[in-house]
Amino acid sequence: MYDLIIIGSGPAGLSAAIYATRAKLDALVIEENYVSGGQIINTYEVENYPGFSIISGFDLATKMREHADSLGAKFVTESVKEVELEGDVKKIITEDNTYETKAVIIAAGASHRELGCPGEEELKGYGVSYCATCDGAFYKGKDVLVMGGGNTAIEDAIFLTRMANKVYVVHRRDELRADKVLQDKLKECKNVEMVWSSVIDRIEGEGKVERVITKSKKDGSERTIEVSGVFIAVGITPKSDVFKGKIEMDEGGYIKAGEDGVTNTPGVFVAGDIRTKPLRQIVTAAADGANAATSAQKFLS
Ligand code: NAP
């Protein structure tokens with residue numbers, strides 16, 4: 001029987017592990033992937049985490065994991081299949097084990113949202129990608145397209161300008177959502193063409209991406225753009241399916257809790273991108289982990 005099980009090892013889960021081990025709780029982190037860090041391992045450059053003017057997401061995640069390891073945090077790499085969160089003894093069931101614990105921190109994070117247009121599913125892995133830092137190098141000297149206007153899309157576009165011949169950025173409005181600092185950086189890139197107020201209607205190609213057909217939101221007109229790669233960055237969706245019906249969520253599947261991470265289920269806390277919150281950043285995920293571990297500690301004592 002553990003004091004605390006932390007589900008997820010992104011910045012929220014790792015921060016919770018650091019706080020929990022320092023509080024001498026018998027805690028276990030269950031992580032899905034062999035590399036800790038969650039979404040940030042695919043972030044090329046992080047420029048807004050205090051203490052590091054610039055650091056790769058992978059390096060930051062590695063430092064966080066090493067910090068947790070240095071304090072003696074325990075990790076297993078397993079995928080959570082089912083949870084029983086009611087009562088004093090909570091059960092976390094993976095494909096290999098059933099873990100019992102007095103408290104749980106859900107820090108399972110979020111993953112990329114899909115677009116749902118024709119061609120996306122068929123050409124996934126054949127030119128359709130959701131990770132510019134993972135796949136960008138395949139498009140050296142080629143033309144690519146990024147869909148989206150948020151921080152991820154614009155960071156991806158800037159990253160891709162360094163290797164691609166040309167980067168089209170398609171956005172459904174005529175104003176970007178991304179932070180101003182990123183917008184300014186994008187403007188400095190010479191090989192970018194903005195395709196405003198448009199969406200991807202379909203992605204086409206014989207066995208690999210060859211072209212994207214965009215549709216104007218203003219007049220419905222179509223445009224064919226010849227590209228070898230399509231990077232879709234249209235937001236994130238919480239990885240909360242396994243918790244559905246077990247804990248209170250909003251309509252988007254985010255688990256409801258305030259800054260303290262306290263949910264409607266006693267002994268169950270939530271931290272990071274999977275929580276209802278106004279700002280999803282590495283620093284707010286790390287803060288969530290600290291808050292949730294402190295709330296769990298109070299609950300246990
Ligand atoms: P996001 O901020 O939700 O942006 C998603 C973008 O995709 C928006 O521009 C949105 O358009 C567009 N979009 C959504 N659904 C669409 C659809 N069906 N068709 C076409 N376009 C669609 O998502 P994100 O960029 O992945 O970022 C997720 C979170 O992580 C955010 O809180 C973000 O601030 C944070 N983040 C921060 C950093 C950083 O600080 N450096 C880096 C990456 C991510 P609209 O603008 O019209 O809604």
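S197 counts as buried, because its relative accessibility is 7% (buried means under 20% relative accessible area, exposed over 50%, partly exposed in between, with a 1.4 Å probe and protein chains only). This is a predicted model, in which local features need pLDDT of at least 70 and side-chain atom pairs count only at pLDDT 80 or more, while totals for chains, interfaces and linings use all residues. Residues are numbered from 1 along each chain as its sequence is written, and side-chain values use heavy atoms, with hydrogens and water left out.

Back to S197. Its phi is near 45°, a positive value in a residue other than glycine. S197 is in the loop between β11 (192-195) and β12 (198-204); helices (H or I, at least four residues) and strands (E, at least two) are DSSP runs, numbered from the N terminus.

K24 is not a glycine either, and has a positive phi of about 65°. K24 lies in the loop between α1 (11-22) and β2 (27-31) and is exposed, at 72% relative accessibility.

Now the rings. There are 5 aromatic pairs in the structure (rings of Phe, Tyr and Trp, its six-membered ring, with centres within 6.5 Å; planes under 30 degrees apart are stacked, over 60 edge-to-face, the rest tilted). One of them is Y44 with F159: the centres are 4.4 Å apart and the planes at 50°, so this pair is tilted. Y44 sits in the loop between β2 and α2 (57-70) and F159 in helix α4 (residues 151-161), so the pair ties together parts 115 residues apart in sequence. Y44 is partly exposed at 37%, whereas F159 is buried at 9%.
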